[in-house]
Each structure stands twice: as structure tokens, then as C-alpha cells.
Amino acid sequence: MPGKILYVEDNPQNMRLVKKILIAAGYEVLEAYEGLVGIATAAREQPDLILMDINLPDINGLEATQRLKASPQLSWIPIIAVTANAMHGDRDNCLAAGCDGYLAKPVMKNELLNTVSVFLSQSTGARSGGVS
Ligand code: MN
């Protein structure tokens with residue numbers, strides 16, 4: 001299934017790794033290295049899915065998620081948090097901020113592709129206004 005995925009991530013190594021996996025699986029990948037750039041890119045490109053790092057140089061991924069979810073034009077886009085902060089409560093913080101899903105770093109190829117596939121099938125329905 002084709003899909004356009006925005007990855008908001010300030011770590012170039014993580015960006016390279018995730019991008020390589022997604023492109024090999026046939027997805028189009030957009031990059032943003034800062035939270036505000038990520039929001040602007042989402043507004044301009046209307047990606048089908050957003051992968052969101054939490055620790056970013058400007059606003060953090062939780063705040064970026066809250067802003068995206070507050071926008072009527074962008075709130076339908078599924079956001080999957082990707083974070084190394086595997087501390088207790090971290091997942092809850094992400095979901096409370098409006099993230100639809102959660103992936104722990106280090107990102108595992110199969111887990112990444114499975115999660116992306118599940119949320120993309122949901123967002124395709126949401127965008128078209130069809131059943132989901
Ligand atoms: Mn980071």
C-alpha cells in the first residue's frame with residue numbers, strides 16, 4: 001500500500017535508518033529535523049502518517065503533537081511517537097498528548113512496518129471520509 005510518511009527526528013542516524021526501512025517497503029518519506037518544521041511540513045504536504053520523535057531541539061514532540069491535533073485540517077493524521085524514553089509513564093504521556101501509537105527506540109524493522117501499516121489503513125479511511 002503506498003503512503004506518504006513524515007518523520008520528525010533530529011538524530012540523523014535514526015532518520016537514515018527509519019527512512020531506509022520505509023523507502024525499501026515502498027513508502028514516500030518526508031523529513032523534518034525540528035518540531036516546528038514538522039508542523040509546517042505536515043500542513044503543506046498532508047502526509048498519511050507522522051512518526052514523531054519526542055526529544056527535539058525546539059518544541060518537543062509532545063507539544064508538536066498537541067498542536068497538530070488542535071488543527072482541524074491536520075488532526076486526522078495518525079501520529080506515532082518514537083522515543084528512547086522507555087521510562088514508566090512515557091507511553092501514557094505520549095497518548096495523553098494525542099499520539100495515536102507508540103514505538104520504542106531502538107526501532108525494530110518488523111515492528112515499525114507492522115505499526116505503520118495498521119495506522120495507514122486507518123488514515124486512508126479517515127481522509128476519504130469512508131468507514132474506518
Ligand atoms: Mn531526538
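This is a predicted model: local features need pLDDT of at least 70, side-chain atom pairs count only at pLDDT 80 or more; totals for chains, interfaces and linings use all residues.

Colleague: How many salt bridges does a search of the whole structure find?

Modeller: The search finds seven salt bridges. One of them joins the side chains of Glu-9 and Lys-105, with an N to O distance of 2.9 Å.

Colleague: Where in the chain do Glu-9 and Lys-105 lie?

Modeller: They lie in distant parts of the chain, 96 residues apart. Glu-9 is in the loop between strand 1 (4-8) and helix 1 (12-24), whereas Lys-105 is in the loop between strand 5 (101-104) and helix 5 (109-128).

Colleague: Is Glu-9 buried or exposed? And what about Lys-105, buried or exposed?

Modeller: Glu-9 is buried, as its relative accessible area is 0%. Lys-105 has a relative accessible area of 18%, and it counts as buried because the cut-off is under 20%.

Colleague: Which residue does Lys-69 pair with?

Modeller: Lys-69 forms a salt bridge with Asp-100, and their closest N and O atoms are 2.9 Å apart. This pair also links distant parts of the chain: Lys-69 belongs to helix 3 (residues 61-69), and Asp-100 sits 31 residues away in the loop between helix 4 (90-96) and strand 5. Lys-69 is partly exposed at 23% relative accessibility, and Asp-100 is partly exposed at 36%.

Colleague: Which residues are linked in a network of salt bridges?

Modeller: The network links Lys-4, Arg-44 and Glu-45. Within it, the side chains of Glu-45 and Arg-44 meet at 3.5 Å, N to O. Arg-44 is exposed, with 58% relative accessibility, while Glu-45 is partly exposed, with 25%.

Colleague: Why does the pair of Asp-10 and Asn-55 tie together separate parts of the sequence?

Modeller: Asp-10 lies in the loop between strand 1 and helix 1, and Asn-55 lies in the loop between strand 3 (49-53) and helix 3, so the pair ties together parts that are 45 residues apart in sequence.

Colleague: How accessible is Asp-10, and how accessible is Asn-55?

Modeller: Asp-10 is partly exposed, at 32% relative accessibility. Asn-55 is also partly exposed, at 45%.

Technical notes: Residues are numbered from 1 along each chain as its sequence is written. Side-chain values use heavy atoms; hydrogens and water are left out. A salt bridge is a side-chain nitrogen of Lys or Arg within 4 Å of a carboxyl oxygen of Asp or Glu. Helices (H or I, at least four residues) and strands (E, at least two) are DSSP runs, numbered from the N terminus. Buried means under 20% relative accessible area, exposed over 50%, partly exposed in between (1.4 Å probe, protein chains only).
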